[in-house]
Amino acid sequence: MSMPRKWIELYLDERLRLCLEFLKTVGSRPDLPVGKLREEFARAHDLTYHTARHIDEILWFSDFITTVYRGIPPRPYRELTPEGRARVEEGVLEFRHFKDAPEWVKRSLLWPPKPAPLVLRFDHGDFSFWVERDWGRKVYVEGPFRFLRDWQAEFDPDYMRQRGAVVPRDTMLYSVKNRAVSMLDAMGVQEAARARRMYQLLGYRWVAMDDRAIAARAAYGVVPSRKRHFIIDPDGRVRVWRLPYLAPDRGRYCVDLTAIKSLPPRVNLVKGKIMLDERVPAGKAKFVSKVWE
């Protein structure tokens, strides 16, 4: 699911194309009042309502469309002017056709676009995460080199495998994967694959704690009532790589989800930031120009 586009994100050729499409819509849907016309146009072309309204106003002030009132009480509708009808019939609308338009219309059409952000950074606790718009299904993570709590015992990979769960030899790598997956879940990335939660895409398995894990937790009085682990991605399709980094007490990682083909090839970072701000208020999401910035 993509985020509705804003006027500022569009280039001149796209702005002109959408203006022509709006004229075509006015000609083909004379039954729609102005508000409904804008709503349907925005929905059909993946635009914000404000962008559809702006296009409507540009065309009205440029004398391509006019207003008529119908019904009781009167409601405003749009109609094509002779010049607007000529543009639709020719199928051409270029910047030269706005030569007599108000100056603010010309400035708006030519205003340099501000492209959609390319990288989203999310800071939460001691960890930072980076997701690119064209992400290649990879998340980059920076965090403490060692961060298991005293009461957390390392996983025994052989014990886990016997119970149907594949985990890395280094439990730190599994924890990094878990945190990255949780962030993607909060961003709603899985919704493009028609999944409500990430674990529905990756699968999960409940695995009983081994004696070491129970003893470690008991020593600190944190034994849960149900002595089991919730293991996401039990087939081990999501890989985690430790990347070179010179800081003595920090580590950098790449969480590789390329095996999950149902995930979208492009991430809507604007929507992701909004979701993180709402769902994880303790964290901080912001746009940056590159990974590790």
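## Buried methionine

M183 is buried, at a relative accessible area of 4%; buried means under 20%, exposed over 50% and partly exposed in between, with a 1.4 Å probe and protein chains only. The model is predicted: local features need pLDDT of at least 70, side-chain atom pairs count only at pLDDT 80 or more, and totals for chains, interfaces and linings use all residues. Residues are numbered from 1 along each chain as its sequence is written, and side-chain values use heavy atoms, with hydrogens and water left out.

M183 sits in helix α7 (residues 171-187). Helices (H or I, at least four residues) and strands (E, at least two) are DSSP runs, numbered from the N terminus. Leaving aside residues up to four places away in sequence, M183 touches F122, F129, V131, V139 and L276. Contact means heavy atoms within 4.5 Å. V139 is 44 residues from M183 along the chain, and their C-alpha atoms are 9.7 Å apart.

## Helices α1 and α3

The axes of α1 (residues 12-28) and α3 (residues 49-61) come within 10 Å and cross at roughly 80°. That makes α1 roughly perpendicular to α3. Axes are lines fitted to C-alpha atoms, for helices over the stretch in contact; angles run from 0 to 180 degrees between N-to-C directions. Under 35 degrees counts as roughly parallel, over 145 as roughly antiparallel, 65 to 115 as roughly perpendicular, the rest as oblique.

From α1, L18, C19, F22 and L23 meet A52, I55, D56, I58 and L59 of α3. The residues of this contact divide into eight nonpolar, no polar and one charged. Ala, Val, Leu, Ile, Met, Phe, Trp, Tyr, Cys and Pro count as nonpolar; Asp, Glu, Lys and Arg as charged; the others, Gly among them, as polar.

## Aromatic pairs

Rings of Phe, Tyr and Trp (its six-membered ring) pair if their centres lie within 6.5 Å; planes under 30 degrees apart are stacked, over 60 edge-to-face, the rest tilted. The count comes to 13 aromatic pairs. F155 and Y174 pair edge-to-face, 5.5 Å centre to centre with 65° between the planes. F155 lies in the loop between β5 (138-144) and α6 (157-162) and Y174 in helix α7, so the pair ties together parts 19 residues apart in sequence. Both F155 and Y174 are buried.

Y204 and F230 have ring centres 5.2 Å apart and planes at 40°, so this pair is tilted. Y204 is in strand β6 (residues 204-208) and F230 in strand β7 (residues 228-232), 26 residues apart. Y204 is partly exposed at 43% relative accessibility; F230 is partly exposed at 31%. Y199, Y204, W206 and F230 form one aromatic cluster.
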